[in-house]
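Here is a short tour of a protein structure, meant to be read with the picture in view. Keep the model open and find each residue as it comes up.

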Amino acid sequence: SAYIQDPDFGAFADWIELYNATDTAVDLSGYFVTDNLTTKTKWQVPMGTMIGAKGYLVIWADSKNTGLHSNFALSAGGEAVGLYSKDTVTVDEVVFGAQTANVSYGRRPDG
């Protein structure tokens, strides 16, 4: 089996993968990601963060709060993840149940 290893810290932490379904790059500078849908501005995406056309971006949910490492971790018991624009307009939200170790949760088709 292969698992996604964090290249910055060498850990196998929780992660959130964002997909850009459009044909143009998207600038996520100043957007927000949270694990608490009532606290939309919990973690701000660093300036200069882009997702290429039809591309992916991994955000590490490991509480390290540096670079693409959020200031929160995800609960194996289930919770929510939200993505919000700079002015806190909802881009996407997902609520998930209890998770199994080393098994990812995702949407099909992408996006």
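This is a predicted model: local features need pLDDT of at least 70, side-chain atom pairs count only at pLDDT 80 or more; totals for chains, interfaces and linings use all residues.

Ser63 sits in the loop between S6 and strand S7 (79-84).

**The loop between S6 and S7**

- Ser63 has a phi near 65 degrees, which is a positive value in a residue other than glycine.
- Asn65 is also found in the loop between S6 and S7, and its phi, near 55 degrees, is positive too, again in a residue other than glycine.
- Gly67 has its place in the loop between S6 and S7, and its 44% relative accessibility makes it partly exposed.
- Which residues does Gly67 touch, not counting residues up to four places away in sequence? They are Trp43 and Pro46.
- Gly67 and Thr49 are 18 residues apart along the chain, and their C-alpha atoms are separated by 9.5 Å.

**Aromatic pairs**

- How many aromatic pairs does a search of the whole structure find? It finds 2.
- Tyr19 and Tyr56 form a tilted pair, with 4.8 Å from centre to centre and 35 degrees between the planes.
- This pair links distant parts of the chain, since Tyr19 belongs to strand S1 (residues 14-19) and Tyr56 to strand S6 (residues 56-61), 37 residues apart.
- Tyr19 counts as partly exposed at 28% relative accessibility, and Tyr56 counts as partly exposed at 43%.
- Phe96 and Tyr105 form an aromatic pair that is tilted, with 6.0 Å between the centres and 40 degrees between the planes.
- Phe96 is buried because its relative accessible area is 11%, and buried means under 20%.

**Met50 and its contacts**

- Met50 is found in strand S5 (residues 50-51), where its relative accessibility of 43% makes it partly exposed.
- Which residues is Met50 in contact with, leaving aside its neighbours within four places in sequence? The list is Ala25, Val26, Asp27 and Leu57.
- Take Ala25 from that list: Met50 and Ala25 are 25 residues apart in sequence and 6.7 Å apart in space, C-alpha to C-alpha.

**Gly97, after strand S8**

- Gly97 lies in the segment after strand S8 (90-96), and at 39% relative accessibility it counts as partly exposed.
- Leaving aside neighbours within four places in sequence, Gly97 is in contact with Gly77 and Gly78.

**The whole chain**

- How many helices and strands does the protein chain have? The secondary structure comes to 0 helices and 8 strands, so the pattern along the sequence reads β-β-β-β-β-β-β-β.
- Why can the chain be compared with a compact globule? With 111 residues, such a globule would have a radius of gyration near 13 Å, and the chain has 13 Å, which agrees.
- Along the principal axes, the C-alpha atoms fill a box of roughly 35 × 30 × 30 Å.
- Buried residues make up 32% of the 111 residues.
- Among contacts between residues at least 6 apart in sequence, 51% join residues at least 24 apart.
- The accessible surface comes to about 6,600 Å², and 50% of it belongs to carbon and sulfur atoms.
- The chain has 7 positive and 13 negative side chains, and the centres of the two sets lie 4 Å apart.

Note on methods. Residues are numbered from 1 along each chain as its sequence is written. Side-chain values use heavy atoms; hydrogens and water are left out. Helices (H or I, at least four residues) and strands (E, at least two) are DSSP runs, numbered from the N terminus. The radius of gyration is taken over C-alpha atoms; the globule rule is 2.2 Å times the number of residues to the power 0.38. Buried means under 20% relative accessible area, exposed over 50%, partly exposed in between (1.4 Å probe, protein chains only). Contact means heavy atoms within 4.5 Å. Accessible areas come from the Shrake-Rupley method with a 1.4 Å probe; for residues, only the protein chains shown count as cover. Lys and Arg count as positive and Asp and Glu as negative; His and the chain ends are not counted. The place of a charge is taken as NZ of Lys, CZ of Arg, CG of Asp or CD of Glu. Rings of Phe, Tyr and Trp (its six-membered ring) pair if their centres lie within 6.5 Å; planes under 30 degrees apart count as stacked, over 60 as edge-to-face and the rest as tilted.
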